Structure formats: structure tokens, C-alpha cells
Amino acid sequence: MMTQTAVGIDVAKGWLDVADGERVKRIDNTPAPLHALAAALVAQGGTVVGMEPTGGYERLAVAILRSAGLDVRMVDSWRLRQFAKARGTRAKTDQIDARMIRTFVMREETRPFPEPSQAQSRLTAWVREIGRAEADIRRLENRRDAVVLDQIAARLDAEIAALKQTVAEAERAIAAIIAADPDLAAKARLIASVRGVGPKTMRVILAELPELGQLTAQSIAALCGLAPYQRKSGKTDRGAKVEGGRAALKRATFLAARAMALHNPWARQLIQRLRDNRKPYKVAMIALARRLIVALNAMVRDRVPWHQPA
């Protein structure tokens, strides 16, 4: 058991469900209730707080609770769900999740939420804005293909143009942030030294993986959803499967692997070897993506640029 005293918080956009025992209370996800919660928890005596990362809705709570001196822990969503199933809990509500997070933090190993620098926070915000804008562009372009009225087409064209302008402005902001921060600039140079890894992949890795260079190979692969988990029981072997991880990182590294397979001689050789061993194309690409992120982790840790592995 990792800790005897814990609070579990299930995060939503507008509210938080807080479990400090069997009792669960709901508070607004706004500064005043969060400051009151932090004060109450401090008064209880050094409580550990667990919550899932939710793509940004948790940031205010993490900042306020941590500024009060509380130990705020990150609970991986996939591990939490498997933990709940193992305990026989199939139902899923906000209140149940809050209680389950509390139990998970009490019994399982967890890591503190990373404390990003101001530059890291700004970088992440801009990179995610690009992701949202590009998703909107794709959606509008699909609508544009089916439009028959010129007036509607003109409106959609204007929206697409505005979103493309947003992407361009975000890219300039990101370049300025990286250039002004020595640590981010050093990481960017190392990542860019890999043939086949482009600026978009580099931006996503810098924004979504601040732990790069600080974790083991297995842990960094798991964060990206690229670590294989064996599925064997008795005489049955269903092969390994990758699960969980940060979706943006998994997508970015997989797309980078596809580019490397075209432009990086070492990657082409690896893919060919795996395919010769009858590995499906997708399995080979995931293996390459995993090798890439593990290599980048070692490069950033040791501060050495890419060199072709033996």
C-alpha cells in the first residue's frame, strides 16, 4: 500500500467529484471552490490527491492544489479502468470513478503531475491549438466537397482560410518559444537530427512528452502507448498488444515511423527484416515507432544526436 491518506478527484469541464472516503462531493471547477478545497485538505494533514489527466480540464485544480503544498498524483486512465475491473467494478459514473481513483492512489504506484515551465505550458497550448484547428480544417474540407451552393462554399472557404491563418500564427509562436528556451531548443535539435522526423512530430513530442530523457525505455514507450503487453494463458498465446498511452504521441510517432520507413535507411532495413519474419505491416510500424521514441529518450538523456543503430 503506497499511502494511507488519499483523495480521489474525477475531473469534468465544469465540476470536480471529490472522494475523501466513501463520501463524494461535487464542486465547481473554478478558483474559489478549489482554493477552499485545498485549504480543507491541508487542514486534514498532508493529503495525497489523485486525478486523471483530461486534456486540460485538470490544469486549474493541479495548479491550485499543488500551490497549497499538496502532493498531486497522476492516475493513468487505462490502468485505472483495469484496476476497477480487477476489483469487480464494471459500472462507471463520476462518483464511482472518484472513489476508484482514491483507492488506486492508496494501493498503486503513481507519479506526480509534471510541473511544466512557463515555456512548456505555452508550447503545449499552441501545439494543441494546431491539432484542434487542423481537425476543424479537415471537417470543413469534407463538408466543402459536398457543397452545391456557391454561397455556402464561400462561407466554408472563409472559415478554412481563417483556421489556416491560426495554424500559421501558432507555428510562428511555437518557433519563437523554442528559440527562446535553451532546454527546448536543445531537445528540438536532437529530435530533428533523426532523418524522417519532421517539424510536426517534433512539436508534438516536445509538447506532450516533457518527461523525454528522464524515464526508462519501457516507461517512455508505455507513455506513448507503444509498449507491448503479453497475452498468454496456459497453451493460449494471443500475442502482445499495445494499449493505452497518450493518443497524440501514439499518432505522431506512428506517422513519423511511416515517414522514416521511406526516408531513413536504418528504418527501411528494420521494417524489411520484420516483414521478412512475417510480421504484419502495422505491427512492424509500431515496433519502429517504439524504437524511435526509445532512441529519442536516450538521445535527450545523453545529449547526443542521432546515429544509426547497429
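Modeller: Two strands pair if DSSP finds at least two bridges between them, where strands (E, at least two residues) and helices (H or I, at least four) are DSSP runs numbered from the N terminus. The model is predicted, with local features needing pLDDT of at least 70 and side-chain atom pairs pLDDT 80 or more, while totals for chains, interfaces and linings use all residues. Numbering starts from 1 along each chain as its sequence is written, and side-chain values use heavy atoms, without hydrogens and water.

Colleague: How do you know that strand 2 and strand 3 pair?

Modeller: Strand 2 (residues 15-19) and strand 3 (residues 24-28) share five bridges and run antiparallel, and because at least two bridges are needed, they count as paired.

Colleague: What makes strand 3 and strand 6 edge strands?

Modeller: The open sheet has six strands in the order 3-2-1-4-5-6, with mixed pairing, and strand 3 and strand 6 (111-112) each pair on one side only. Within this sheet, strand 1 (residues 6-11) and strand 4 (residues 48-51) are joined by four bridges in the parallel sense, and glycine 8 has glycine 50 of strand 4 as its bridge partner.

Colleague: Why is helix 3 called roughly perpendicular to helix 4?

Modeller: The axes of helix 3 (residues 77-86) and helix 4 (residues 94-107) come within 10 Å and cross at roughly 95 degrees. The term covers 65 to 115 degrees, which means that helix 3 is roughly perpendicular to helix 4. Their contact (heavy atoms within 4.5 Å) involves residues including Leu80 and Phe83 of helix 3 and Ile101 and Phe104 of helix 4.

Colleague: Where in the protein is confidence lowest, and where is it highest?

Modeller: The mean pLDDT (the predictor's confidence in each residue, from 0 to 100) is lowest in strand 8 (residues 232-233), at 57, and highest in helix 6 (residues 150-180), at 96. The protein averages 88, with 94% of the residues scoring at least 70. Where pLDDT is low, predicted coordinates should not be read in detail.

Key: Axes are lines fitted to C-alpha atoms, for helices over the stretch in contact, and angles run from 0 to 180 degrees between N-to-C directions. Angles under 35 degrees count as roughly parallel, over 145 as roughly antiparallel, 65 to 115 as roughly perpendicular and the rest as oblique.
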